[in-house]
Amino acid sequence: MKESLQKRDSWNSKLGFILATAGSAVGLGNLWKFPYTVGKNGGGAFLLVYMIFLLLIGYPLMLAAITLGRKTKLCAVGAYKSINKNWAFVGFLGVLCGFFILAFYSTVGGWVIYYLIEAIKGNLNTTNSTLLANIFTQFISSPQKSILYQAIFLIITYLIVVKGIKNGIEKASKIMMPALLIMIIIIAFRSLSLPNAIEGIKFLFIPDFSKVNLNVIMNALGQVFFSLSIGMGVIVTYGSYLDKKENIILASTYIPLLDTFVALVAGLATIPAVFSFNFEIAQGPSLMFITLPAVFSSMSFGYLFCIAFFILVLFAALTSSISMLEVCVSYFVDEKNKKRSSSALLITLVIFLIGIPATLSMGVLKDFKLLGSLNFFDFYDKLTSNIFLPLGGFLLSIFVGYVLTTKLALDEICINGEKFILASIWSFLIKYIVPPLVFIILINSLKELFTLIIN
Ligand code: TRP
């Protein structure tokens, strides 16, 4: 374990940690998944539940994960194992989860690359919803094209993880992340100034409580986990590289704040435009790809904006995908003593194979339902966001609350005499609120899945 730790990159500074962890958190989950999930789950009501879960569950778990990583200075599996041998399986669950998330994440990563190329060719320059929907449908209906682009996305992810150029990526983040932020704010302003944009704002911010149902609750919790990269060991692993003299409280506050800000601005960039152009708000995964080109086409310099935007989205997607692949690879390197390059290759290949049906289920396999109404893509998404990640979060809270104990965790958090005014609230949440709350929702998600399997 020691030897492989030395082989891995470590952060040059606290900024390095923040950039990499924020890079993992901010990705397609914010830019692509958040707006369409809000759209499908009733708007403001979903946002409200999301915010409550973020405060009660996401933020406390972020702090718990970073603390566990930094205390043990080990990757996810090792971190659990070093404190209690029987808990190594939690790290293993995270690795398994990584395979399935990356399987469908790479589908969408491929779409981004395709759209970048179409943007350069100038093919996205229209506000006509039929034309834009056609571009999307034609692309995802072509098995060769969509699988090719998925493969390209995975190859880039693989190369970054294997060549150990994460350091370079970390440096590039310093420019790319602020650029993305500025860009998306400008797009949001444009979107908000479109005619009828107010309808979108109302949809996003005025909760219609009649829309809160079990599904909305399960999806909001899943989105919190997915967006913060919590529940599969990414944050524990990244936290393990954090220097003892850094302030964990600050670090774990910046990241959820930034992540939520990006998601909200992405919502403001997309949703008002959907209403203004009269597109379908509940259309699902195609929402960003159909709506944002229309916004660009209605702007001056839209052509350049569109290209720059898809470059930045691709970058954000890659900083997330490398974090997932990294967790899977370091498991095989640290725990199974496998070689880094060959395990990364094998893992990427397996993810590609699991990912192909997800990609095809958007096109040629559209009518093939794996379970109930779920195709492969939806199934991977539900399986990870609604089951694996909450399960990982539940186990993390039990582990930090009762096995490591919040007392020892707080010793680690305040190791340099940091003042943590929320210490007792945090302990309370981790011990008494997070476990039962996540557990109840998890049981419901499992029930839903089993009903689908039985029928
Ligand atoms: N959080 C990322 C996003 O919003 C996706 C992601 C990266 C992730 N690493 C993860 C999700 C680990 C869950 C677990 O796009």
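This is a predicted model: local features need pLDDT of at least 70, side-chain atom pairs count only at pLDDT 80 or more; totals for chains, interfaces and linings use all residues.
Helix α17 supplies the largest share of the lining of the largest pocket, namely six residues. The space inside the largest pocket amounts to about 810 Å³. Its lining comprises 35 residues, and those nearest the centre are Y36, K40, G284, P285 and D378. Besides α17 (376-403), the elements that contribute two or more residues to this lining are α3 (28-40), α7 (129-141), α11 (214-228) and α19 (423-454). In terms of class, 17 of the lining residues are polar, ten are nonpolar and eight are charged.

The second largest pocket holds about 300 Å³ of space. It is lined by 17 residues, of which L54, L55, Y59, P60 and T253 are the closest to its centre. Two or more lining residues come from each of α4 (44-72), α13 (248-276) and α19. Helix α4 gives the largest share, seven residues. The lining of this second pocket consists of 15 nonpolar residues and two polar ones, with no charged residue.

The largest nonpolar core has 167 residues, and the members that touch the most others are W32, F289, F309, F310 and W426. The surroundings of F289 illustrate this packing: when residues up to four places away in sequence are not counted, F289 touches W32, V108, W111, V112, Y115, F136 and F310. Two of these partners, W32 and F310, are themselves listed among the core members with the most contacts to other members.

K33 is part of helix α3. Is K33 buried or exposed? K33 counts as buried because its relative accessibility is 4%, which lies under the 20% limit for that class. Apart from neighbours within four places in sequence, K33 is in contact with L28, Q223, F226, D381 and S385.

The average pLDDT of the protein is 92, and 96% of the residues score at least 70. Among the elements, α3 has the highest mean pLDDT, at 97, whereas helix α1 (residues 2-7) has the lowest, at 42. Residues 1-8 have a pLDDT below 50, and this stretch makes 16 contacts in the model beyond near neighbours in sequence. Helix α3, with the highest mean pLDDT, is also one of the elements that give two or more residues to the lining of the largest pocket.

Terms used:
Residues are numbered from 1 along each chain as its sequence is written. Side-chain values use heavy atoms; hydrogens and water are left out. On a 1 Å grid over the protein atoms alone, a cavity is a set of points where a 1.4 Å probe fits but cannot get out, and a pocket is an open set with protein on both sides within 12 Å along at least five of seven lines; lining residues have an atom within 4 Å of a point. Grid points are joined across faces, edges and corners, and a volume is the space filled by probe spheres set on the points. Helices (H or I, at least four residues) and strands (E, at least two) are DSSP runs, numbered from the N terminus. Ala, Val, Leu, Ile, Met, Phe, Trp, Tyr, Cys and Pro count as nonpolar, Asp, Glu, Lys and Arg as charged, and the others, Gly among them, as polar. A nonpolar core is a set of buried Ala, Val, Leu, Ile, Met, Phe, Trp, Tyr and Cys residues joined through side-chain atoms within 4.5 Å. Buried means under 20% relative accessible area, exposed over 50%, partly exposed in between (1.4 Å probe, protein chains only). Contact means heavy atoms within 4.5 Å. pLDDT is the predictor's confidence in each residue, from 0 to 100.
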